[in-house]
Amino acid sequence: MAPCPNFRKCGGCQLQNLPYSEQLLHKQRQLVSLLGEFCHVNDIIGMDDPTHYRNKVCAAFGLDRQRHIISGIYQTGSHSIIPVDECMIEDKIADGIIVDIRNMLRSFKIQAFDERTGTGWLRHVLVRRGFQSGQVMVVLVAVSPIFKLQKPFLKKLTELHPEITTVVLNINDRFGPVVLGSREKVLLGDGYIEDSLLGLCFRISPRSFYQINPVQTEKLYSIAIEMAGLTGKELVLDAYCGVGTITLAAARRAGPHGRALGVERVEASIVCARENAARNSIPQAAFVAEPTETFLSAALKEGFPDGFKPTKIIVDPAYQGMAGGAAKALADLFSLPNGPKRLAYVSCNPKSFARDAKELAAAGLTLESISPVDLFPSAMHLELVAAFS
C-alpha cells in the first residue's frame with residue numbers, strides 16, 4: 001500500500017507503492033531494456049534517504065465547494081485541487097510555510113483565486129530553499145499587484161518563519177497552465193537566494209532553472225565531469241548550459257590553461273550564468289545566448305567564436321533531447337580532422353537519448369558507458385550520463 005493518501009489522485013509518485021529498492025530495480029530493468037543494445041548500463045545510483053528531496057515546492061490555491069480556502073496540487077488531468085499539508089517528497093520547511101500562508105489568508109481575510117468565477121487574489125505559492133545555504137524564497141503568485149495588507153502579512157509570516165530571506169510578488173492575471181507571470185516585485189530581501197553546488201555558489205531567482213534534488217544533482221554532474229575526461233588543459237563546450245552549473249565546474253576543472261564555453265537559447269539564463277561566473281571568480285568561462293542547433297551549424301560553416309576549438313563536449317538537453325538537427329551537427333563536428341574527442345551526454349529522457357545515441361553511433365561515435373542516477377525517487381523519471389568517444 002502506498003504511504004500517501006493522494007497516491008492515486010496526484011500522479012506525481014507513480015512508484016510510491018513500491019519499496020525504494022524495488023523502485024530502483026524497476027528503473028534499472030527499464031533502462032537495460034531500452035539501452036542495453038548500445039553498451040553496458042551501470043547500476044543506478046539511488047538516494048540514502050529518498051524522501052523530502054524537492055527543494056522547490058509549488059502549491060495551487062483555491063476554494064472547495066464549501067468556499068473554504070484550500071492549497072495543494074492539481075489532480076492528474078484536471079484543474080481540481082487536491083488538498084495537501086505535507087508531501088513525502090517535498091521539503092518539510094516549504095510545506096510548513098505553505099500551510100501557514102493558507103491559514104493566514106483566513107485571518108487576514110484575503111481570498112484565494114477562484115477559477116470558476118474569476119474572483120479572489122492568490123493563485124499559487126512557490127517556495128524555494130537552498131539545500132546548503134538554508135536560505136528560503138517565497139513567491140506569492142497573485143492576479144493583481146495590489147497587496148493592501150502587505151506589511152502586517154509579511155510581519156506575521158516572518159515571525160512564524162524567520163528562515164525566510166526573501167519574498168517576491170509575482171503577477172499572473174492570465175488563464176492557463178503557466179504558474180508564473182511576467183511581472184514581479186520584491187517585497188522583502190533581495191528577490192533571490194543563493195546555494196552551493198559542486199563547491200560553486202549559484203544565485204536562484206523565481207524563474208531560474210535549478211535542479212530540485214541537489215544531493216543527486218551533485219552525483220550526476222560529478223559523473224558528467226569525470227566522463228568528459230578533463231585533465232586540466234581542455235577547451236570544453238557545454239551545450240544547453242542553463243545558468244552555467246556544468247560550464248563553471250568544467251572550467252574550474254580545466255584550470256587556468258583551459259576554457260569552457262556554455263551555450264543556451266534562453267537569454268535570461270545566460271545573464272545568470274555570467275553573473276555566476278563572476279561570483280565564483282571563473283574568468284575562463286564564457287557564454288553564448290543561442291539555440292544549440294544554430295550555434296553548432298554556424299560553427300561548422302564559419303568556425304567557433306574567438307578561435308575556440310573544443311576538445312571535449314558536454315550536453316544536457318531538455319526532455320526532447322538534441323532536437324532540431326543538433327545531434328547531426330554534433331556528429332559532424334566530431335568527424336572533423338581536428339574535432340573533439342569525447343562527449344558526455346546528460347539526459348533526463350532515456351527515450352530521446354536512445355534516438356540521439358543511434359544517430360551519433362551511425363556517425364562513428366562509440367558509446368562507452370551509461371550511468372543512471374535517480375533524481376526523482378517515487379516517480380518514473382530518472383537521469384543518466386553517457387560517455388561517447
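**Close-up views of the predicted model**

**View 1. Trp 121 and Phe 147 in an aromatic pair.** Trp 121 is buried, with a relative accessible area of 11%. The structure shown is a predicted model. Phe 147 is likewise buried, at a relative accessible area of 9%. The count of aromatic pairs comes to eight. In one of them, Trp 121 and Phe 147 are tilted, with 4.7 Å centre to centre and 35 degrees between the planes. Trp 121 belongs to the loop between helix 3 (92–107) and strand 4 (122–129), and Phe 147 to the loop between strand 5 (136–142) and helix 4 (150–160), so the pair ties together parts that are 26 residues apart in sequence. One aromatic cluster is formed by Phe 108, Trp 121, Phe 147 and Phe 153.

**View 2. Phe 304 and Phe 308 in an edge-to-face pair.** The ring centres of Phe 304 and Phe 308 are 6.3 Å apart, and the angle between the planes is 65 degrees. The pair counts as edge-to-face because its angle is over 60 degrees. Phe 304 and Phe 308 are both buried.

**View 3. Packing of helix 9 against helix 10.** Helix 9 spans residues 326–334 and helix 10 spans residues 350–362. The axes of the two helices lie 9 Å apart, at an angle of about 30 degrees. That angle makes helix 9 roughly parallel to helix 10, because angles under 35 degrees count as such. The crossing of helix 9 with helix 10 is right-handed. On the helix 9 side, the contact is made by Ala 327, Lys 328, Leu 330 and Ala 331. These meet Asp 356, Glu 359 and Leu 360 of helix 10. Sorted by type, the residues of this contact are four nonpolar, three charged and no polar.

**View 4. Leu 198, a residue with positive phi.** Leu 198 is not a glycine, yet its phi is about 55 degrees. Leu 198 sits in the loop between strand 8 (193–197) and strand 9 (200–204). The relative accessible area of Leu 198 is 13%, so the residue is buried, the limit being under 20%.

**View 5. Ser 378, a residue with positive phi.** Ser 378, a residue other than glycine, has a phi near 80 degrees. The loop that holds Ser 378 runs between strand 15 (367–373) and strand 16 (383–388). Ser 378 counts as buried, at 4% relative accessibility.

Note on methods
Residues are numbered from 1 along each chain as its sequence is written. This is a predicted model: local features need pLDDT of at least 70, side-chain atom pairs count only at pLDDT 80 or more; totals for chains, interfaces and linings use all residues. Side-chain values use heavy atoms; hydrogens and water are left out. Axes are lines fitted to C-alpha atoms, for helices over the stretch in contact, and angles run from 0 to 180 degrees between N-to-C directions. Helices (H or I, at least four residues) and strands (E, at least two) are DSSP runs, numbered from the N terminus. Angles under 35 degrees count as roughly parallel, over 145 as roughly antiparallel, 65 to 115 as roughly perpendicular and the rest as oblique. A crossing is left-handed if the near helix is turned anticlockwise from the far one by less than a right angle, and right-handed if clockwise. Contact means heavy atoms within 4.5 Å. Ala, Val, Leu, Ile, Met, Phe, Trp, Tyr, Cys and Pro count as nonpolar, Asp, Glu, Lys and Arg as charged, and the others, Gly among them, as polar. Rings of Phe, Tyr and Trp (its six-membered ring) pair if their centres lie within 6.5 Å; planes under 30 degrees apart count as stacked, over 60 as edge-to-face and the rest as tilted. Buried means under 20% relative accessible area, exposed over 50%, partly exposed in between (1.4 Å probe, protein chains only).
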